[in-house]
Amino acid sequence: MNALYRQIRNWLDERFGTGSVEEFLRHKTVPIHRHTLWYYFGGMTLFLFVVQVLTGILLLLYYRPTPEDAFESVQYIVTQVRFGWLIRSVHSWSANLMVLTAFIHMFSVYFLKAYRKPRELTWISGMILLFVVMGFGFSGYLLPWNTLAFFATKVGTEMAGAVPFAGKWMLTFLRGGEEVTGATLTRFFGFHVAVLPGLATVLLAMHLLLVQRLGMSVPPSVEQATAEGRQAPRVMPFFPNFLLRDIIGWYAALGVLGALAAVFPWELGAKADPFAAAPAGIRPEWYFLFMFQTLKLLPAKILFLEGELAGLVGFSLAGAVWVAVPFLDYRAGFGRVTRFFTGLGIFALGFIVVMSALALR
Ligand code: HEM
């Protein structure tokens, strides 16, 4: 056993410079400054991801992914299975909190300019993780096969279908045909419990190894204050100081999750009827609302393009710029911080908040 441990340790160390667990725990430190609070959000997202995996496995013991059985199996979970209602509610609430903490984590690393050289790949792996997290939300939403989920999936996949060139293919790929049917449910189930978890595991391993290899970044304002001697560089050991603080946060999050699940149990609604008319007020999950609202507000025609199409092209371009930020703002890597990228971040955050609020009105 010892020899195997040593072999694995050496293999990891040679390739990734991880060292032994003891060394890792002894040497890893976390900088202390007035923005340290933001370092907790990556770990919080990770904790909620673990909650998702554990509660998801428990739900799998009873869930059945067919249009005939899906709704009934979830109904069975929340009414007959002991604590099934709690597990389902925690899974749904934790999914939403995880998207929220992932967004907070993304914006905090953006404003603290943690994407600067040499952390470009940490940023990119994080961005892909965010898309994966949103994919988990989108695919999981359909699984209970209730009315709201059915029509929201119809609208969501229609949007994918409006994308130029690849749209038709994407729609058929997502739906498993022309319409939202049992084939779509089978596919979404496959994405949700196999494809996305696999992708997330590989990406997370990469993300965390990079964080471990490169250490925690220090924001430019603190770097400057330290260089000018206005502030002494301060750090705390990761183990046990930072980890214990992390654990306090996770414990509090568990309390919040339990309380939310008990006080506001997740609704199931009515079983989907593909032949019924779409009920009024169909909208996607809150984290897609800003896109949904923007597309709704756009005029029917923008220049020579259809409004919705122009909106989708705009979002694709904006997403590409956001992923490429470490390269576009490469000067920040040499200590030359420009106001432009901070302004861009404020604009993006403001846009998302205002559009989501408008959609919720
Ligand atoms: C499932 C989603 C994610 C998980 C579980 C996760 C986890 C973590 C953890 C544990 C850390 C170290 C502590 C911290 O800085 O908070 C970290 C750092 C980092 N993450 Fe994430 N992350 C996720 C998504 C993202 C996203 C969406 C981005 C941005 C596009 C991102 C970019 C970064 C960067 C640049 C760092 C380095 C921060 C620094 O050195 O100061 N991550 N992540």
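Q: Is Asn146 buried or exposed?
A: The model is a predicted one. A residue counts as buried when its relative accessible area is under 20%. Asn146 has a relative accessible area of 9%, so Asn146 is buried.

Q: Where does Asn146 lie, and what lies 3.1 Å from a polar atom of its side chain?
A: Asn146 belongs to the loop between α6 and α7. A polar atom of the Asn146 side chain is 3.1 Å from the backbone nitrogen of Ala149.

Q: What is to be said of the phi angle of Trp145?
A: The general idea is that most residues other than glycine have a negative phi. Trp145 is not a glycine, yet its phi is positive, at about 55°. Trp145 is placed in the loop between α6 and α7 (147–161). Its relative accessible area is 4%, so Trp145 is buried.

Q: Where is Phe83, and is Phe83 buried or exposed?
A: Phe83 is in the loop between α4 (70–79) and α5. Exposed means over 50% relative accessible area; Phe83 reaches 52% and therefore counts as exposed. Phe83 is a residue other than glycine with a positive phi, near 65°.

Q: Which residues does a cis peptide bond join?
A: In general, most peptide bonds are trans. In this model a cis peptide bond joins Lys117 and Pro118, with omega about 5°. A cis peptide bond also joins Phe239 and Pro240, where omega is about 5°. Pro118 is found in the loop between α5 and α6, whereas Pro240 is found in helix α11 (residues 238–263).

Q: How should I read the metal site, and which residues coordinate the iron atom of the ligand?
A: A site is read from its donor atoms and from the angles among them. His105 and His207 coordinate the iron atom of the ligand through their NE2 atoms, at 2.1 Å. The site has 6 donor atoms with angles of 86 to 180° among them, and is octahedral. His105 lies in helix α5 and His207 in helix α9 (residues 182–214); the two are 102 residues apart, and the pair links distant parts of the chain.

Q: What is the relative accessibility of His105 and of His207?
A: His105 has 23% relative accessibility and so counts as partly exposed. His207 has 12%, so His207 counts as buried.

Q: How many residues surround the ligand, and which element gives the largest share of the shell?
A: The ligand is surrounded by 24 residues, of which the closest are Tyr39, His105, Gly126, His207 and Ser217. Helix α6 provides the largest share of the shell, 7 residues.

Q: Which side chains have an N or O atom at a stated distance from the ligand?
A: Among them is His105, with a side-chain N or O atom 2.8 Å from a nitrogen atom of the ligand. For Arg119, a side-chain N or O atom is 3.2 Å from an oxygen atom of the ligand. A polar side-chain atom of His207 is 2.9 Å from a nitrogen atom of the ligand. The elements giving two or more residues to the shell are α3 (40–60), α5, α6 and α9.

Q: How are aromatic pairs read, and how many are there?
A: Rings pair if their centres lie within 6.5 Å; planes under 30 degrees apart count as stacked, and over 60 as edge-to-face. The count comes to 28 aromatic pairs. For Tyr110 and Trp123, the ring centres are 6.1 Å apart and the planes stand at 50°, so this pair is tilted. Tyr110 lies in helix α5 (residues 84–111) and Trp123 in helix α6 (residues 120–142), so the pair ties together parts 13 residues apart in sequence. Both Tyr110 and Trp123 are buried.

Q: How is the pair of Tyr110 and Trp322 arranged?
A: Tyr110 and Trp322 are stacked, at 4.3 Å centre to centre and with 15° between the planes. Trp322 lies in helix α13 (residues 307–323) and Tyr110 in helix α5, so the pair ties together parts 212 residues apart in sequence. Trp322, like Tyr110, is buried.

Q: What sits over the ring of Tyr110?
A: The charged end of Lys113 sits over that ring, 5.9 Å from its centre. Elsewhere, Lys28 lies over the face of Phe238, 5.4 Å from the ring centre.

Key:
Residues numbered from 1 in each chain as written. Predicted model: local features only at pLDDT ≥ 70, side-chain atom pairs only at ≥ 80, totals over all residues. Heavy atoms only, no water. Phe/Tyr/Trp six-rings, centres within 6.5 Å; stacked < 30°, edge-to-face > 60°. Helix = DSSP H or I, 4+ residues; strand = E, 2+ residues; numbered from the N terminus. Buried < 20%, exposed > 50% of the residue type's maximum accessible area, 1.4 Å probe, protein only. Lys NZ or Arg CZ within 6 Å of the ring centre and 35° of its normal. Donors = N, O, S within 2.8 Å, 3.2 Å for Na, K, Ca; no water. Tetrahedral: all angles 85-135°; square planar, octahedral: opposite > 155°, others 65-115°. Near = heavy atom within 4 Å. Polar contact = N/O pair within 3.5 Å; in protein donor to acceptor, adjacent residues only side chain to side chain.
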